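This report covers salt bridges, helix packing and aromatic pairs in one model. Please keep the structure open while reading.

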Amino acid sequence: MEKTAKHAAVALQPETRSIDYVPQAERHGKPWHQAPFWFTGQFVPTTMVVGFIGPVMGLSFLWSVVATVLGVLFGTCFMAFHANQGPTMGLPQMIQSRAQFGTRGASLPMIAVIGVYLGFSSFGVLLGSQTLAADLGWSTTGWSLVIVVLTTALAIFGYDLLHLVLRWLPYLVVPVFAALTVLAVVHLDPAPAASGGGFSVSGWLAQFAAATGYQLGYAVYVSDYSRYLPATTSHRAVIGWTYLGAAASALWLMPLGNLIASSVEAPDALVNLQQVGDFWFDGFGQAAVLIVLIPGVIAIMGVNLYGAMLSSLSIVQGFKPDLGISSRNRVLGIVAGAVLVFSVSEWLPAKYLGSFNDFVLVVTYLLVPWTAVNLVDYYFVRRGHYAVTEIFSRDGIYGRWAWRGLSAYLLGVAALAPFASTGFYKGPLLDDVGGADLAFIVGLVVPAVAYFAISRGFDPRTEADAAARSRYELDGATAVARGSGAS
């Protein structure tokens with residue numbers, strides 16, 4: 001109890017860091033903390049909706065589950081391997097991209113990631129406010145304001161409070177989702193397999209790609225929430241715990257979505273969950289939806305506002321290096337993001353939610369090639385050796401516009417476009433793969449191979465002196481802060 005109270009007291013102190021390096025003296029936390037954070041981060045009804053894809057395309061329940069499980073296991077690998085970058089570099093996720101794309105070139109994927117952060121937040125506010133207004137009365141605008149204010153406060157307190165909230169939230173939502181899952185298994189009856197065993201290549205690939213792409217979409221968040229871990233943190237531990245948490249929630253909720261979509265005529269996540277809950281007793285479904293939706297909306301929107309602030313400051317600082325990396329600018333960035341999210345959620349009528357989801361899907365397409373380039377650079381080209389101080393230098397060793405990373409990234413975007421599928425655009429090669437959205441897979445493989453190939457002539461030893469100077473400068477600053485002098 002004493003340790004828990006101490007952690008709570010620390011979490012209630014507003015964070016002072018933003019996009020800058022986290023000194024060793026300020027590092028704290030344990031690798032296992034990543035598991036509950038990422039479990040809760042994906043333990044939301046939208047994760048369940050991913051499981052609707054296969055059954056809606058005529059895939060049987062069992063084949064949908066197979067595709068879902070394999071997609072989750074595959075996609076989470078790439079997301080989890082970003083976790084090691086946090087304790088190694090002590091930096092947020094997206095600013096690390098300057099090493100591959102340049103101090104200004106990195107703004108290209110950062111703009112896309114800001115779209116994802118703010119897009120998901122706006123959708124969450126709209127969905128949450130509509131649910132609260134329908135169940136509890138009052139106006140959607142009023143509830144939107146409440147959600148945005150609570151979320152903004154959460155994001156302003158920052159890293160430690162976000163970790164604390166997502167670590168304890170499962171005690172509230174897991175029992176409710178467990179009850180809903182049991183009720184669904186007991187009362188729902190999946191439709192019998194159609195002729196051909198309820199299998200189609202296009203349906204199977206669509207469900208696999210959806211599960212893979214959903215997990216990959218979280219790659220842009222990962223290092224933001226592992227960067228305070230000590231540099232001595234076990235690589236296997238931080239990757240493993242991240243993988244476990246992210247995969248566990250998806251492997252629970254997506255198959256639940258498979259089951260529900262295979263058993264009802266018109267899948268609708270919140271409506272279906274309420275119907276399932278009412279199998280127990282009338283009124284439980286409505287209460288259950290509120291419990292599993294609203295706390296998650298607030299927590300995940302806090303994560304999104306925090307991430308949007310980090311990427312926004314990274315972009316501005318790339319073009320204006322004299323920008324102060326201060327708590328004041330961090331708070332201003334979060335508040336600006338919150339105002340934008342509230343405005344968009346008010347402007348966006350419910351009937352446009354489909355188009356809004358298309359927008360989020362498009363910017364997610366733009367991020368898959370980023371994760372490929374970033375991981376190949378970290379694990380196979382530079383192998384974790386970076387000059388952190390040079391990442392903040394306008395004319396440093398990484399340059400302003402790094403041609404290798406930008407070329408591979410743009411090639412990846414061009415390669416996936418013919419396979420993309422949205423409400424307003426269908427790639428010309430979709431018919432060749434039975435209509436399956438394989439853009440995530442193509443957008444992962446092509447830029448990874450391209451970046452590795454064009455980096456064959458790069459010699460990491462040319463950056464060794466800069467990396468050594470950077471380590472000395474950072475270690476010296478840490479030693480002075482501890483009062484023991486430079487090491």
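D377 is buried, at a relative accessible area of 0%. Buried means under 20% relative accessible area, exposed means over 50%, and partly exposed lies in between (1.4 Å probe, protein chains only). This is a predicted model: local features need pLDDT of at least 70, side-chain atom pairs count only at pLDDT 80 or more, and totals for chains, interfaces and linings use all residues. Residues are numbered from 1 along each chain as its sequence is written, and side-chain values use heavy atoms, with hydrogens and water left out.

D377 pairs with R382 in a salt bridge, N to O 2.7 Å. The term requires a side-chain nitrogen of Lys or Arg within 4 Å of a carboxyl oxygen of Asp or Glu. R382 is buried too, at 8% relative accessibility. R382 also forms a salt bridge with E463, where the closest N and O atoms are 2.9 Å apart. E463 sits in the loop between α21 (439-454) and α22 (464-482), and R382 in the loop between α18 (368-381) and α19 (388-391), so the pair ties together parts 81 residues apart in sequence. Helices here are DSSP runs (H or I, at least four residues), numbered from the N terminus. E463 counts as buried at 9% relative accessibility.

## The E15 and R227 bridge

The whole structure holds eight salt bridges. One of them joins R227 to E15, with the closest N and O atoms 3.1 Å apart. The pair links distant parts of the chain, 212 residues apart. R227 lies in the loop between α12 (201-216) and α13 (235-263), and E15 in the loop between α1 (2-11) and α2 (34-41).

Are these two residues buried or exposed? R227 is buried, at 0% relative accessibility. E15 is buried as well, with a relative accessible area of 9%.

## Helices: burial and packing

Helix α10 (residues 159-168) has seven of its ten residues buried, so the rest of the structure largely encloses it. The buried residues are Y159, L161, L162, H163, L164, L166 and R167.

Two packed helices are described by the angle between their axes and the distance between the axes. For α12 and α21, the axes come within 8 Å and cross at roughly 55°. That makes α12 oblique to α21. Axes are lines fitted to C-alpha atoms, for helices over the stretch in contact, with angles from 0 to 180 degrees between N-to-C directions. Angles under 35 degrees count as roughly parallel, over 145 as roughly antiparallel, 65 to 115 as roughly perpendicular, and the rest as oblique. F208, A209, T212, G213 and L216 of α12 meet F440, I441 and L444 of α21 in the contact, meaning heavy atoms within 4.5 Å.

## Aromatic pairs

How many aromatic pairs does a search of the whole structure find? There are 29. Rings of Phe, Tyr and Trp (its six-membered ring) pair if their centres lie within 6.5 Å; planes under 30 degrees apart count as stacked, over 60 as edge-to-face, and the rest as tilted. F101 and Y409 are edge-to-face, 5.8 Å centre to centre with 85° between the planes. F101 belongs to helix α7 (residues 98-101) and Y409 to helix α20 (residues 403-416), 308 residues apart. Both F101 and Y409 are buried.

F281 and F284 form a tilted pair, 5.5 Å centre to centre with 50° between the planes. F281 is partly exposed at 43% relative accessible area, whereas F284 is buried at 13%. Ring pairs also link F37, W38, Y117, Y159, Y214, Y218, Y221, Y225, Y228 and Y306 into a cluster.

Conventions: Helices (H or I, at least four residues) and strands (E, at least two) are DSSP runs, numbered from the N terminus.
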